[in-house]
Each structure stands twice: as C-alpha cells, then as structure tokens.
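Colleague: I have a few questions about this model before I move on. Could you take them one at a time?

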Amino acid sequence: MTALPERRRTRRLPEELGVIVALLVMMTVIGVARPRFLNPLNLLTILGHTTFLGMLAVGMVFLLAIREIDLSVGWIFNFSAVFTALLMVAGVPPWVCAVAGVGFGALLGLVNGALAVVLRLPAIIVTLGTFSMFQGLSLVVNNGRAVVPADQGSSFFTAISAKLFGVLPVPAAVFLVLAVVMHLVLHRSRFGYRVQAVGSNPEAAELAGISNAAVRLQTLVLMGAICGLSGAMYVGFRGAIDPNEGSDFVLVVVAAVIIGGTPLSGGSGTVIGAVIGTLIIQIISSGLIFFGIDATWSTFVTGAVIVLAVSLDQAVKYQRARRARRQAKH
Amino acid sequence: MSRSRYVWAVGVVAAMALASGAHADDKVTVGFVTHAQGNPFIQQIVDGAQAAADDLGVTLQVAQKSGGDPEAQLRAVQNFASSGVAGVATSVPGESMAKGLNELVASGVPIVQYNLLATSVKAAYVGEKSVESGRILGKMIVAKMGGPAAKGTVIIGNCFPGFPVLENRAKGVEESLKAAPGLKVLGPFDVKVSAVENYNRWEQLYAANPDAAAMIGLCAPDVASLGKLNAANGDKFLAGGYDMTEENLAAIKGGHAYVTLGQSAFVQGYLPVALLVNAIKTKQPTPVGFFNSGTQIVTADSVDMGNGLPKITFDEAQKLAADPKATAAYYKVWTKTLAGDGLTANIKPIAAESE
C-alpha cells in the first residue's frame with residue numbers, strides 16, 4: 001500500500017528535470033563569477049536571443065518524434081522572410097504580409113511533405129535537396145541582396161518591436177506562447193498522440209488505422225508554418241532580411257532539441273526540453289563572452305559545455321531510473 | 001561516492017574551474033566581433049586590433065562567428081554590451097543587424113563597423129572603397145591582357161553572394177572590364193568561402209571554360225585556389241583577387257597568380273579600436289562616417305602598401321603577412337599619424353565607401 005503513492009510521486013517529476021538542472025547549474029556558475037550576468041534585463045535579452053531559433057526547435061521536436069529531420073528549416077525561414085519582406089516592399093499591408101509569410105512557409109513544408117510521401121523517402125533525404133532549392137530560389141528573388149521594407153511605421157513593426165511590461169520582447173512572448181501551445185498539442189491532442197504513435201512504431205500505428213503518410217505530411221507542413229511564423233516575425237523585429245540569414249540554423253536547432261532530451265529514435269519528444277536546450281546554447285554563447293574566453297578557445301568550450309550539460313541530464317535520468325527500479329523491487 | 005554524485009561533482013568542479021580561470025582585470029575592455037573563424041585575413045584584422053589594444057592600454061576581447069550569420073553576430077555584440085564592455089567593433093554582414101546596433105548606439109554603447117557595413121548604422125565604418133578597389137583590380141587585369149584590344153573569357157567568382165562589399169567589388173571589376181569590348185565576362189559565380197569548396201568551385205569553372213583567359217576572385221581564398229589551379233594546368237590563365245594572406249602571396253611569388261589587392265587588414269583592426277578608445281575617453285558616440293583603410297596593390301614586381309607606408313620588397317611583404325609583431329612595428333609610421341586630430345581628420349561620408 002505504501003509503494004504505490006511513492007511511485008506516483010516519482011513519476012510526477014518532469015522528464016526535463018536533467019536539462020533544467022544543467023541550465024540552473026550553468027546560470028549559477030556564470031552568475032557567481034559574473035553577477036552582472038544575472039541582471040534580469042540580461043536574462044530577458046538572452047530569452048530574446050532564443051526566439052527565432054527556438055521556434056524552429058519547437059517544430060523540430062515533432063519531426064524527431066516521428067523519426068524525421070528537416071534539413072531545410074533555415075532556408076524555409078529565410079525564404080518565408082524574404083517573401084514577407086518583398087510583399088511589404090510591393091505595398092501589401094504588413095499584417096497581411098506576415099500571415100502570407102506563415103502560409104508560404106506552410107506551402108514550402110507541404111512541398112517537403114509531398115515529396116517525402118510520394119517518393120517514399122525519409123525527410124532528411126528530401127530536404128537535403130530542398131535545402132539548396134529554397135536557398136537558390138530565395139537568392140533568385142532577393143537578387144543576392146538584403147530586402148528592407150521601406151515603410152516601417154506600420155503597426156506590425158511597432159507591435160513586433162515592442163516590449164511587454166517594458167522588458168519582455170514581443171517575439172519572446174510569442175515564442176513562449178507557441179511553446180506552451182505546441183506542448184499541449186504534442187501531449188494532449190489527437191494529432192500529438194498520432195505523432196508519438198507513428199514515431200514509436202510505424203507498423204503498429206498503421207495497423208491501428210493511423211496513416212503514416214498523413215502524419216508525416218501534416219508534421220512537415222507544421223514545421224514549415226512555424227518557420228514561416230519565425231521568418232515573418234524576424235522581418236518585423238529586425239526590419240530586414242539578409243540573403244544568407246538562416247544558413248546555419250539547422251545544426252543549432254537539432255542540437256537544441258537533442259540537448260533538450262528528445263531522442264533521435266522517435267516515439268516521444270519534449271517541447272519544454274527543446275526550449276531549455278535552446279536556452280542552454282544561448283547561455284553558453286553569452287557565458288563565453290562574460291568570461292572573456294578567447295575566441296580561438298570558444299568553439300572547443302562550447303562543445304565541452306554541451307557535453308557537460310548532456311552528462312548532467314544523463315546523470316539525473318540514471319539516478320531516477322535506478323530509484324524507480326529500486327522502488328519496483330520493493 | 002556514488003556514480004551519479006561523482007558525475008555531479010565533476011561537472012560543478014569543471015564549471016567552477018572555468019569560472020575561476022576567466023580573465024579579469026581593471027583595464028577597460030572593448031569587444032571585437034568577426035564574421036569568420038579560422039580565416040587568415042580575418043586573423044590579420046584581429047592582429048591589428050590587438051596591436052591597437054596593446055598601444056592604447058585596453059583589453060581586447062574577441063568573439064568569432066562563422067558563416068557570416070548576421071543574427072548570431074548581433075547576439076554576440078549584444079552579449080558584449082550586457083557583459084559591460086566599454087565599446088564594440090563589429091563587421092556587419094547584413095542589414096538586419098542595423099536596427100539592433102542602432103539601439104545599442106542610442107543606449108550609449110560606442111560601436112564601430114569594420115570590413116562589412118550597413119549604411120544605415122549610425123556609427124563609424126572602417127573599410128576599403130569597395131567599388132573603387134574592384135575598378136583597380138579590373139584595370140590591372142585588362143592592362144595585363146593587352147588593354148582595350150584584349151580578347152578572351154574572363155570569369156568572376158564571389159565567395160559570398162549578397163555581401164554588399166563583395167557585390168560592390170564585382171561591380172567595379174565589371175566596370176573596368178568593359179574598357180575591353182572583346183572580353184567575354186562570365187559570372188559572378190558562387191565560389192564559396194571555405195578553402196576546400198573554393199578550390200573545387202574554381203576547378204569546376206575552369207573545367208567548364210578551359211579557354212578562360214583570366215579568372216578573378218573577390219575574396220581571400222581565391223588567389224590561393226586560382227594559383228593552385230593554374231599551377232596544375234600549366235599557368236594558362238591570368239589570376240587576380242584580394243587580400244595579402246601568406247597563401248595568396250605564395251601563389252604570386254610562384255608565378256601562378258598575377259595580382260592581389262590588400263585592403264589593409266591591419267588598419268581595419270587597428271582603427272576601430274582606436275576610434276572606440278577615443279569615444280570612450282570623450283564619452284561621445286563614434287563619428288558617423290567612412291574611414292578609408294586604403295588599397296594595397298601587390299604583384300611579383302611591385303608592392304604598394306598604401307597609407308603612406310614605406311616601400312618594401314615582395315619578400316618583406318611575405319614576411320609581414322606571417323608575422324603580426326613585425327607588421328605592428330612596420331605600421332608604427334602610420335599609427336603615429338593618428339595622434340591628436342589625426343584620428344578623425346580623414347573622415348568621409350559613408351556614401352564615399354561605394355563611390
């Protein structure tokens with residue numbers, strides 16, 4: 001009678017406990033050595049830094065959960081932003097452009113999804129090709145130059161550049177809301193359960209009446225739409241989109257999701273973990289500067305701290321699994 | 001100690017060691033952000049910045065971002081500002097950095113742009129006259145090919161399509177090549193920035209155009225790649241490009257490349273730090289304007305280092321490219337001219353950069 005409540009209590013601990021601990025340890029270490037780092041304004045700035053990549057990481061969780069990876073996310077982001085900005089340059093109202101940008105991102109995701117489903121290829125192979133296609137088309141339409149909407153007095157730019165309560169950048173708030181919504185979608189909606197079922201055992205899911213093709217298509221479209229949202233907001237926030245922006249996004253996004261605890265083997269995923277993974281990457285980047293670590297060492301230190309963070313996460317998971325085994329024996 | 005506790009202890013100790021090992025002193029610190037990592041030309045700029053920091057008694061902290069990602073670079077600048085440095089110099093590989101940099105300028109953080117600029121940033125810019133340097137390179141190639149009567153195919157490569165400074169160089173080169181109507185100009189083609197990819201791209205361009213009479217690159221790795229390619233194919237085409245890196249100078253010395261234009265990497269590192277220190281002392285933002293770093297012209301027969309620097313031989317130029325201390329000593333003649341009003345005496349409107 002006493003073992004059951006004990007087991008329940010253990011289960012309530014969040015899956016992301018390990019990365020949360022790693023994040024807090026890193027913040028504490030940096031904060032103790034450099035108290036200025038813990039200035040709330042600096043922490044909110046770091047949160048702001050996670051926004052655009054973090055959104056992509058949230059979408060990538062769904063893809064990893066179905067054992068897929070989209071390599072073209074950086075260029076969907078870029079192409080959607082270019083599309084949005086060019087519409088603005090053409091005189092279309094900015095809010096309409098932003099919505100169109102999200103739709104355009106979804107369309108590019110649909111291209112990825114349709115190719116993957118029709119050709120029966122893994123998304124990683126399809127997006128290896130569309131990575132260059134989207135990059136190339138984006139360069140064609142922007143003529144290799146930054147696209148800068150001339151009139152930035154519209155309410156769209158004002159709203160996206162504003163700070164809630166004077167401190168929290170609006171894109172960061174949108175990112176947090178998106179993360180909460182997508183967390184609920186993954187763990188509380190029929191679509192989320194299907195995603196996890198397909199990733200867990202595609203054959204069993206198919207036998208249970210879940211169309212693998214439909215889920216893959218929907219997930220890639222969702223990823224595209226999120227890239228479009230991130231791209232449209234980027235134009236509002238920065239007031240321009242450069243031809244090479246997004247080129248390096250994919251590695252950081254996948255790293256953030258994996259650091260956050262989503263397994264490459266599929267079947268499960270954690271949106272909250274991905275958010276924390278993105279934060280860890282940004283905090284490493286910020287910490288290197290606060291510590292004044294030489295640029296030639298910074299690449300090594302970045303990797304080493306990531307390994308340390310993942311080790312902490314694994315240590316916590318190991319500890320929890322051992323405790324669970326012990327309780328099961330009793 | 002249990003295994004998990006051991007892992008925890010190691011993690012915390014390692015992190016604390018990292019913290020305690022960090023550099024901290026009472027000197028003013030300035031941040032310096034680059035758009036490439038492991039690039040010899042960028043390293044020469046950093047060496048120039050370090051020389052300025054040593055001369056002016058400040059601490060230089062460098063952050064290097066690979067791939068020319070404007071967003072990552074802006075984040076590094078913002079992190080520097082949050083960490084309390086007194087000013088930041090950064091190359092600006094994209095217009096999307098402008099808004100964020102202007103916010104920092106407005107908040108009182110001295111900013112200097114170098115090498116790559118956004119014209120809307122309200123801060124000083126140190127760099128070459130990009131269109132003009134392209135014109136110089138194009139003129140030298142045309143002259144070597146026989147002047148206005150020159151004939152043949154000329155291929156232009158750009159390692160980073162979309163970078164305004166590189167697009168301006170291409171524009172200048174193309175303008176000068178028009179002086180010889182018999183020249184057929186192809187490109188600019190994307191030849192990528194990494195040394196391996198850069199060579200592969202040029203190799204493919206040559207394979208597709210084996211009759212090419214000249215090949216012109218706009219970035220640091222090009223002259224070295226073109227030199228190797230020329231050497232492997234019997235030195236059949238004229239090669240020209242940019243930057244005085246050791247590899248580029250070696251290609252010229254070996255007779256496999258004709259010309260390389262330097263953009264005074266040392267000046268592009270030294271001057272931003274000097275401008276920042278001046279801004280910090282006077283508690284004023286850096287002046288909005290263009291500081292021409294000068295163009296250097298190097299062939300196997302002549303070396304023009306620009307900026308009124310003493311004449312040197314090709315061998316001496318090669319030695320300087322490999323020795324930051326010797327370079328700093330050589331530039332003393334120029335750094336002395338920055339004393340007093342000399343620092344800001346030659347400021348021009350930003351638009352002059354692309355004239």
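Colleague: Into which domains is chain B divided?
Modeller: Bear in mind that this is a predicted model. One domain of chain B takes in 12-128 + 265-293 + 324-354, and the other covers 130-262. The names for these parts are, in that order, domain 1 and domain 2.

Colleague: How many residues of domain 1 of chain B are in contact with domain 2 of chain B?
Modeller: The C-alpha centres of the two domains lie 30 Å apart. On the domain 2 side, 13 residues take part in the contact. On the domain 1 side, the count is eleven.

Colleague: Which element gives the most to the side of chain B that touches chain A?
Modeller: Chain B and chain A put 38 residues each into their contact. In chain B, α1 (3-20), β2 (59-64), α3 (70-83) and α4 (98-106) each supply at least two residues of that side. With ten residues, the element that gives the most is α1(B).

Colleague: Is helix α3 of chain A parallel, perpendicular or oblique to helix α13 of chain A?
Modeller: The axes of α3(A) (residues 40-65) and α13(A) (residues 271-291) come within 8 Å and cross at roughly 140°. Angles over 145 degrees count as roughly antiparallel and 65 to 115 as roughly perpendicular, so an angle between those ranges falls under another term. α3(A) is therefore, relative to α13(A), oblique.

Colleague: How many residues of the contact of α3(A) with α13(A) are nonpolar?
Modeller: The contact includes Leu53(A) and Val58(A) of α3(A), and Leu279(A) and Ile283(A) of α13(A). Seven of its residues are polar and no residue is charged. The nonpolar residues number ten.

Notes:
Residues numbered from 1 in each chain as written. Chains lettered and ligands numbered in written order. Predicted model: local features only at pLDDT ≥ 70, side-chain atom pairs only at ≥ 80, totals over all residues. Domains from an automatic or database assignment. Contact = placed C-beta atoms within 7 Å. Helix = DSSP H or I, 4+ residues; strand = E, 2+ residues; numbered from the N terminus. Axes fitted to C-alpha atoms, helices over the stretch in contact; angles between N-to-C directions. Parallel < 35°, antiparallel > 145°, perpendicular 65-115°, else oblique. Nonpolar A, V, L, I, M, F, W, Y, C, P; charged D, E, K, R; others polar.
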